[in-house]
Amino acid sequence: MIAVTRMLRLELRHNAMALMVPVVVVLFWFTTYRRVMAMPPLWNLRAADLQMYSVVDFVTPLTGAAAWMGSRESRRRLADAVLITPRARWARLLATWAATTIWALVAYVGCVAVVYGMTAGQVAGGGPLWWPAAVAAASLPAFTALGFAAGVLAPTRLTAPVTAIVAFFVLVLSTELIGHNGHSYWQIAPIVSVAWNTGSNPGVATFYPYLPDLSIAQVMFLAGVAVTLLGTLALVGESRAVRAAAGGVTAAGLAAAATAVLLVGTSAMDPHGMMRIPALHDAANDRPVQFTPVCSHAAIPVCLNPAYSAYLASTTAALEPVLNEIAGLPGAPARILQEAATYRVDSRDGEEVRPTEGNTNGEAVYHLLLPVQMLGPTLTTAQTASQVKWTDGPDIVANFIGAGPGASQAQNAVAAALTMVLGRVSADPNLRADLNGEAPGGPGPSELGGLIRGTAAQSAAERFAALPAQTRRAWLASHLAALRAGQITLSQLP
Amino acid sequence: MNENSAMNVEITGLTRRFGSATAVAGVDLRAGPGVFGLLGPNGAGKTTLLRMMATAVSPTSGQLRLLGRDPAGYGPRREIRRRLGYLPQNPGYYPGFTVTEFVEYFALLKEVPAGTVRQAVATAIDRVGLADRRKHRLRTLSGGMLRRACIAQAIVNEPELVLFDEPTAGLDPQQRVTFRALLRELGQHATVVVSTHLVEDVGAACAEVALMDRGRIVFQGTPDELMACADGQAAGDTPLERGYTAALDRAQS
């Protein structure tokens, strides 16, 4: 044991991967750290991207360094000198591989510690996701084993660069083969952390636990690959007993890797946007995560999952004009409550389904889905608030008034009038900017409610919107039931 | 102790072919403790014979017994390797290692008991005269010093069978003299086989010598017997060189 420790110490001191650590750290900072830390402070988002990009950062220098170390004895003309020593060849090679892997893991753990440490200081809820980090960590021994085996078996100076380049392209191009098929075997690639078609999505793994099914299969595959490659190195030049053991280890590794690939072939996206593998699935992970929402002190409280608390102020500001209009009136929601996104599992693209209004514990609740929970480009806080304002604001009003297709002209006019209020009152400078047309997709006030400019309904809506707020509230308090019942005409509107 | 038990190298009809080329053709050789010189021109088969004796390559045919064991089996081969020292013709090295680290690395590979590694390394480095360079990286050493560092790795396990392939190549005259003293010292306890084409090394250090040509041993005897082979027409500056040339001419005629 002392001898092995000393050998490992020597190998650690003279390992090519030690020289590559600064390169990897710079790569990581340049392509992963800056990208990940620019994302909203959500564990799910950052962990998923950390897995994907860190593996890509590490694969080339790591595989190349391992191949360089694997070919070292031949390149340095020491093959004969070490061959005629009594220590088993596999033990000698394993020490070199282990040193390479240890350096890689040290670099990786350092990178993850920085990202997770910084994120821990920024997020308001939830905890770090360890499975994505574990998959990336498990990929390191597999890639070192790949490079090292290539170096041992083909000990030329070209082996290292060729192996590094091939490993990079195989890794990156493997995801191209996933396509739209949720059952693709290629999801075994360690850069896949969530349903590949949805990409990293802040809507997953917050309201429901992160499903480790895919991660477990990936770790199993990577461990199998590493064991197979290392076992292969002990199949020649050893005693019969060692060769037999190596054969068993190699077969076991192959079986593990093949089983993992087959398991991934049975995967499918679950309603919460994560990959589920029936044979590995733990039903306990289907239960929602218990949390106490953080709520604003608006006329109607806006309540979000603590993980999204960074959006609370802007979301409240976006909805406050509408909420002030309807707060306390009969039929107004008691709370605006953020809900989990639900994914259409039969959809090839896994688009989310918006929640509907409903009752929670007997109180009227409007269920809110923040735009950042949906698929699409990452949004800033201001962009998120803008979309909430122009999507959920009119929706809340429409639900409250009963406006929409089949409703009376008066209902639609009142709904449009209340929605126009959104564009008139805003304390948030970002939201005011949105109203000036700076935010993409923000509707102009004249288009609100689907009313056509110049019509009687539109005139009535503008007239109603122009009333003092207290006058509108007083009128609504006394006429709301009749308005919802379709018994109010446009001419009866004040 | 009878004669057979003292023979650390027993070779009978040893042959090694590489494709259609025969590098070693039916060599018979026996060597006990002492320094044994293996002479011969380039391409005579010395290195291949030494590599077979080092268990680096296996013979195509013939019998090979080293330290009383047959290296064909894994267990005996491992035991032989534990008691073997080998300096290849073109010894490699890891440039980033210090002299101490390089020799320690081989001590660990040779399964020198963990408790004695440090002392064994220091002793080996002292014996090759590199004590003052022990902390220097190999890439900073001269060719002669590198050669000595490689000799240190070969003897770090106090081997009973030492195989040196062209050990004095690259050494300056003073270093060669020192090295010959080391050979004589090693030969007191071990069988040392030295392959060389420098006949003065043989004359100075070897008790017995074999001359190889085209894969065969064409002469075996003492250096004095080799000198006696010289006739009046053989080329050479020293009696041993003239004996070497005469024996070789006789084999090739």
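Visitor: Before we start, what are the ground rules for reading it?
Guide: Residues are numbered from 1 along each chain as its sequence is written, while chains are lettered from A and ligands numbered from 1 in the order in which they are written. As the model is predicted, local features need pLDDT of at least 70 and side-chain atom pairs count only at pLDDT 80 or more, but totals for chains, interfaces and linings use all residues.

Visitor: OK, what does the model score?
Guide: The scores are ipTM 0.90 and pTM 0.84.

Visitor: How many helices and strands are there in chain A?
Guide: Chain A has 16 helices and nine strands. Those are DSSP runs numbered from the N terminus: H or I over at least four residues for helices, E over at least two for strands.

Visitor: Why should helix 2 of chain A span 32 Å?
Guide: Because helix 2 (residues 16-37) has 22 residues, at 1.5 Å a residue, and its end C-alpha atoms are 30 Å apart, which agrees. The expected span is 1.5 Å times one less than the number of residues.

Visitor: Where does helix 2 of chain A bend?
Guide: At A:Trp29, by about 45°. That is the angle between axes fitted to the seven residues ending there and the seven starting there.

Visitor: And which of its residues are buried?
Guide: Among the buried residues of helix 2 of chain A are A:Met20, A:Leu27, A:Phe28 and A:Tyr33. Buried means 20 or more other C-beta atoms within 10 Å of a residue's own, with C-beta atoms placed from the backbone; exposed means 12 or fewer, and partly exposed is in between.

Visitor: What covers them?
Guide: The cover includes helix 3 (43-70) and helix 6 (89-120) of chain A.

Visitor: Switching to chain B, is strand 7 covered on one face or both faces?
Guide: Both: B:Thr191, B:Val193 and B:Ser195 are buried on one side, and B:Val192 and B:Val194 on the other.

Visitor: What does strand 6 of chain B do with it?
Guide: Strand 6 (residues 161-165) and strand 7 of chain B run parallel, joined by five bridges; strands pair if DSSP finds at least two bridges between them. B:Leu163 has B:Val193 as its bridge partner. From strand 6 of chain B, the chain crosses through helix 6 (residues 173-187) to strand 7 in a right-handed β-α-β crossover, that is, clockwise from the first strand over the helix to the second, with the strands pointing away from the viewer.

Visitor: How confident is chain B?
Guide: Its average pLDDT is 90, and 98% of the residues score at least 70. pLDDT is the predictor's confidence in each residue, from 0 to 100.

Key
Two residues are in contact if their C-beta atoms, placed from the backbone, lie within 7 Å.
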